[in-house]
Amino acid sequence: MALQDDIQIYEKRRALYVVIGFVFIIFLGRLFQLQMFYSDEYGKKSEENSIRVIPREPIRGYIYDRNGARVVDNRPSFTVTIMPYEFDRRKLGFIARVLSLDTTFIRTRIKQGEEYSRFAPVKIKRDIDFRELSVLEENRDRLPGVDYQVESKRWYVTPAHASHILGYTKEISENQIRALGGEYTQGDVVGSSGLEGGYEGSLRGKKGAEFSTVNVRGQVVGGFESGKLDVQAVDGKDLALTMDFGLQAFAESLMAGRRGAVVALDPRDGGVLAMVSSPDYDLSVFSGVTPPQIWRTMNSDTERPLFNRATLTRYPPGSTFKMVLAIAALETGKVTPQWRVHCTGGFRLGNKVFKDLHVHGSVDMISAIQQSCNVYFYQLMLKTGLDEWAYYGRELGFGMLTGIDIAEENPGLLPSTAYMNRRYGPSGWTRGFLPSLGIGQGELGVTPLQMAAYAMVLANWGDYHQPHAVQGFRRRSTGTVDTLAFQSRRLSVAIPTWAIVREGMRRAVELPGGTGGMSRIKGIEVAGKTGTAQNPHGPDHAWFVGFAPFDDPRIAICVLVENAGFGGSHAAPVAGKCMERYLFGPAGASPPPAKAAPRPAVAEATHQTPSITGGD
């Protein structure tokens, strides 16, 4: 009986072991099946039922002019993104057709994004239109991984272009991402020129992040942890400019159809009132997506609208530079203000004759500045010497950067003995090079910005303020401005010296026989100096520098018109109208020309070595 019981127990145990073994084999088989054949599918579904980090873009800072008018605003725009891990590659052709993009472009963007993260959205196209957005919304369920973000794009609330001073934004390049570190990712927008570039770190702000729960289709189904982990974006700072955009628009209208520049500064602090580089361009072209053909057209335009003539050129200044020599000669004691020269229309040095445009007779320093007598300054340069002239030229800011806050500047060229020796060798140049430098020609190159700063120093009796276009950061809550500090210095030049050159400039505008009479303003005394810089590749460049009112300067200005001819005829009237517009406002200013001047022939905009015949 006991034996029979033992057999039954054994049979039951064996049956139990068989069942357990069978079940184990089933589980093992299923586990093998899941691991070998369904790991991707279920792994993906598991991860998809997870948390997604959605970046939140900050609002780029607004820009205001000196009168509190908002000149650069933001408008919402929609940017299409693709999450590489979720995206169904079979939909690539459809997306390309909807967005009018090349499939290779989209594939490349996705691949570049995957190198950063398969779970981060990649920006495919910015600033899509309503039709594109509607199609994506209608097909949202069929397009896993495809989404859009709301971003902002620049909107310009001003009749002025101000394109070269404001600058533009564009999508960041791979090189810039590497150079700027981890703050930027593919598809981000970055300031690329002008104030947008110079103040990128302040205007941009900081990105935020939103943690959201997504379903198996990659769709956001809600927040995560009630938003406790979300990081708020920090908006960029607003800029308050020193610029007067009424004056800016007026100056642009005067330069329509001309090539050249206008730079106006507030002599009391160096703030830029207006900066025109003509021709210019419409910044709204760059605020969204810029079609490649438009970019190519602008880059290949022989008028070079993208080039900032106010800060990046290097022109000979012509007779506007004569006050530099006058200051050097007086400060070094080489002559007195009463030293006279008899002008017969030319000056012979060795076997070469340096010409003048007029016969001025006997002139002293003040009348030589007033009448722009070349013969006087030919001889004054020989008496003063190259290095003394170069020393005071550098004191006045030539041959170096002004430090303006847009990071696009040419230092120009101010030759000295060391420079001439390097360029020609110690025996390769003679005193015969000097007379042309005395009238602002030869181995000399300046920018209109430097010339405006030079006019500012003359207006200030020697106070130099670093030119700048930004006054400070404007608080949105109160409208108050946290001002920025810029450098100032005082030149070591005697007051009587300033008085001599200033009086020459006043007479040049206000008295008969002066060359700057066309900049005269009714009711206000103006000081100025004209220049006609010769160009072997084409007609002369017209210059004017000046300031007003004479006894209490509130505007210092430089006008350059390429290939226009005499400075007194073409640059001085533009300067006079701009100063009048600023001092009296739009009601008191003369209207701009009803018809734009004809565009002159294309000529080289960089420094040229001219022949010597001028005298304006």
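**A walk through the structure**

A hairpin joins strand β21 to strand β22 through two residues. Helices and strands here are DSSP runs numbered from the N terminus, with helices being H or I over at least four residues and strands being E over at least two. What you see is a predicted model, in which local features need pLDDT of at least 70 and side-chain atom pairs count only at pLDDT 80 or more, while totals for chains, interfaces and linings use all residues. Residues are numbered from 1 along each chain as its sequence is written, and side-chain values use heavy atoms, with hydrogens and water left out.

Eight bridges join β21 to β22 (residues 538-548), and the two strands run antiparallel; strands count as paired if DSSP finds at least two bridges between them. K529 has V545 as its bridge partner in β22. Is β21 buried or exposed? Nine of the nine residues of β21 (residues 527-535) are buried, so this strand is largely enclosed by the rest of the structure. Buried means under 20% relative accessible area, exposed means over 50%, and partly exposed lies in between (1.4 Å probe, protein chains only). The cover extends to both faces of β21: A527, K529, G531, A533 and N535 are buried on one side, and G528, T530, T532 and Q534 on the other.

Another hairpin is formed by β14 and β15, with two residues between them. G350, in the turn, has a positive phi of about 65°. Four bridges join β14 (residues 346-349) to β15 (residues 352-355), and these strands run antiparallel. G346 stands opposite K355 in β15.

Loops are worth a visit too. T158 lies in the loop between β5 (146-156) and α6 (163-166). T158 counts as buried because its relative accessibility is 17%. A polar atom of the T158 side chain lies 3.0 Å from the backbone nitrogen of A160. Leaving aside residues up to four places away in sequence, T158 touches V71 and F245, where contact means heavy atoms within 4.5 Å.

Now for the charged pairs. A salt bridge is a side-chain nitrogen of Lys or Arg within 4 Å of a carboxyl oxygen of Asp or Glu, and by this rule the count comes to 33. In one of them, the side chains of R56 and E210 meet at 3.2 Å, N to O. R56 lies in strand β1 (residues 51-56) and E210 in strand β8 (residues 208-214), so the pair ties together parts that are 154 residues apart in sequence. R56 counts as partly exposed at 33% relative accessibility, and E210 is partly exposed at 28%.

E196 forms a salt bridge with R60, with the closest N and O atoms 2.9 Å apart. This pair links distant parts of the chain, since E196 sits in helix α8 (residues 194-198) and R60 in the loop between β1 and β2 (63-64), 136 residues apart. Both E196 and R60 are buried. In the salt bridge between D266 and R268, the closest N and O atoms are 3.0 Å apart. Here D266 is buried, with a relative accessible area of 3%, whereas R268 counts as partly exposed at 48%. Salt bridges that share partners also join E57, K123, E151, D188, R204 and K207 into one network.

Finally, look at helix α1 (residues 2-37), where I26 is found. I26 is partly exposed, with a relative accessible area of 48%.

Methods:
Polar contact = N/O pair within 3.5 Å; in protein donor to acceptor, adjacent residues only side chain to side chain.
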